[in-house]
Amino acid sequence: MHSTMLSSEDAASFDVIVVGAGLSGIVAAQRLLQAHPKTRLAILEHDYCVGGVWSERRIYSSFWTQWTYGIAEFSDMPMEQPPPEDCMHDLFRAKYTTKYLEDYVDNMSHAGRTLRDRIQFNTHVESIRKINGRWQLLCIDTISKSQRSMLSPRLMMANGQSSVPNVPNFPGKEHFQGKIIHSIDFGQSDVIQDKLIQHVAIIGAGKSAADMVYEAVKAGKTVSWIIRKTGNGSLGAAAFAPIDLPTPYKNGVEASQARIMASLQPSYLIPYQSWWTWFLHSTSLGARLVSKVFSVLDNSVRKYAGYRERKSDRGFEKLEYDNDIIWQNGTAGGCHFADFWPLVAEKVYVHRANVKLLSGNELYLDDENGTHFPCDAVLCGTGWKHGLDMFDSHTLMELGLPYPKDIESQEETAKWDKLVGEADEQILRRFVMLRNPPEHYHKYETRTPYRLYHTMAPLQDDSVLFMNHVVAGAKLFAAEAQAIWAVAYWDKAFALPSVAEREDDIAHMIAWNKRRYLSNGELGNFAAFDSVPYVDRLFDEIGVTSHRSKGWIGNMFAPIMPADLGKVWHEYLAGRT
């Protein structure tokens, strides 16, 4: 509770408030307004521009998409093809997604107002609580620092997983004479262009860290790449797959959009009904076949990087990731640049350690050699904070959002332990592969997992939905599907399962996540390889069929494209009474 919460009389009132103007928030707003054009809807955005991760403020020159042209669009506005010089194997520079999202909010209009007209930029949501059946949001203008209160009976949280930067509290930072920049601010900084900055340290293992390493090396800087040793909260180095891996499809992204490819995954989200998925995942022979397929993929990724083959005296071999890609126990991404690995092997100093101290223009590590070196800038690819701090602990508990395990009641813990334990037994009976996970460092979560239906809907409160809190590989695809389901959910267009049945489904999702994705599954919302079955589940529940209208062969082998989502949406609108 916030002591300076303004009175209800002073609050602006709306029918729906959407928090976040990233891709998930804007498509959710668009589908709601298409179904109900007179809805008084506001979108609150912390930044000055739309797009979230893909916003104008956050992109940089080496930021390329990990989705392809033809997939990277919403069904109601085709994306213009980027020029050839800005494309690689149908992937393209992130700036074209930025432009697409900017154009989208300008082109979509309802009751004489565009989506952009409905966005309140530079708005930080300080706290959210429910009062007399309405959500009250205390907002702070990030420029003027003035406060205002907003009210709505319905709320969509579309602030996503990448909103609040996690910047390490480096010892000695107050005496450091260089710059410390998180990847969220990298695109707006001059650190690469600044000739006075010659020695750069990049912290972190993931894609944003790799991008900053690449830009710094290409600019002629002396680069040190620091990744914590595996263990003690660190999942180690990341896996970066080549973007041109051969598939029977136009590209790897389109391949991942086909049900036949999705069926190779040991996914709880796939209906347990076909002889094919039974063979692949419930028999020892099938499980060995699946493991062999993904072992070939993993070997290709390791061979492409050449961790042990490339000559390097700078610690290049320390970049090899621990567990096979299929398990996703750490972070992973695409390797867009053909010269990335050769450049890193030749020019980048790699360290597996923690930063012990920053002092003056020097960085000290806690390794056994007492390593230290000149440092003019520290670039942090260190990920994100939880992004749910606007809710107090009681509200987190009530809604089924992650909250500290040590404040959960014994009764609630026992209830979910029983549900998840029973679900786990069923998961292990169904999926042979998941019975024998690889040896790995397991990073345990201190919070409870998400206990939301489809990772969106609380069990006891239908006035709020959490968009894009599932970690799906195909971002725009999953976001549009969630938006369609959300409209149908609020329209009460289908019968929900009972609370007990939804609890059982959530328990299965949690149990499967922990078995399937190891450390990344701790929160029960990880579905990196499961976008297609996740979307199928949403549409099947609504009762639409357009997404399964290509005949047996087409349904199994044809990639599901944005146009298919458009057909589903039009079917839903046409079927409303």
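Val19 stands opposite Met157 in strand β12. Strands, like helices, are DSSP runs numbered from the N terminus (strands are E, at least two residues; helices are H or I, at least four). The structure is a predicted model, in which local features need pLDDT of at least 70 and side-chain atom pairs count only at pLDDT 80 or more, while totals for chains, interfaces and linings use all residues. Residues are numbered from 1 along each chain as its sequence is written, and side-chain values use heavy atoms, with hydrogens and water left out.

Strand β2 (residues 16-19) and strand β12 (residues 154-157) run parallel and are joined by 4 bridges. Two strands count as paired if DSSP finds at least two bridges between them. An open sheet of 5 strands, with parallel pairing, has the order β8-β3-β2-β12-β23. Its edge strands, β8 (119-120) and β23 (464-466), each pair on one side only.

Helix α12 (residues 475-490) lies across β2, β12 and β23, and runs at about 165 degrees to β23. Axes here are lines fitted to C-alpha atoms, for helices over the stretch in contact, and angles run from 0 to 180 degrees between N-to-C directions. Contact means heavy atoms within 4.5 Å.

Another pairing involves strand β14 (residues 199-203) and β15, which pair in the parallel sense over 5 bridges. Ala201 has Ser224 in β15 as its bridge partner. Strand β15 (residues 222-227) is mostly covered, with 5 of its 6 residues buried. Buried means under 20% relative accessible area, exposed means over 50%, and partly exposed lies in between (1.4 Å probe, protein chains only).

Ser224 is also one of the residues in contact with His351, along with Trp225, Ile226, Ile227, Leu365, Thr371 and Phe373, leaving aside neighbours within four places in sequence. His351 is in strand β18 (residues 348-352). Why is His351 classed as buried? His351 counts as buried because its relative accessible area is 12%.

His182 counts as buried because its relative accessibility is 4%. Not counting residues up to four places away in sequence, His182 touches Pro165, Asn166, Val167, Cys380, Thr382, Gly383 and Trp384. The C-alpha atoms of His182 and Ser546 are separated by 43 Å, and these residues are 364 apart along the chain.

Trp552 is found in helix α15 (residues 551-557). Trp552 counts as exposed because its relative accessible area is 65%.
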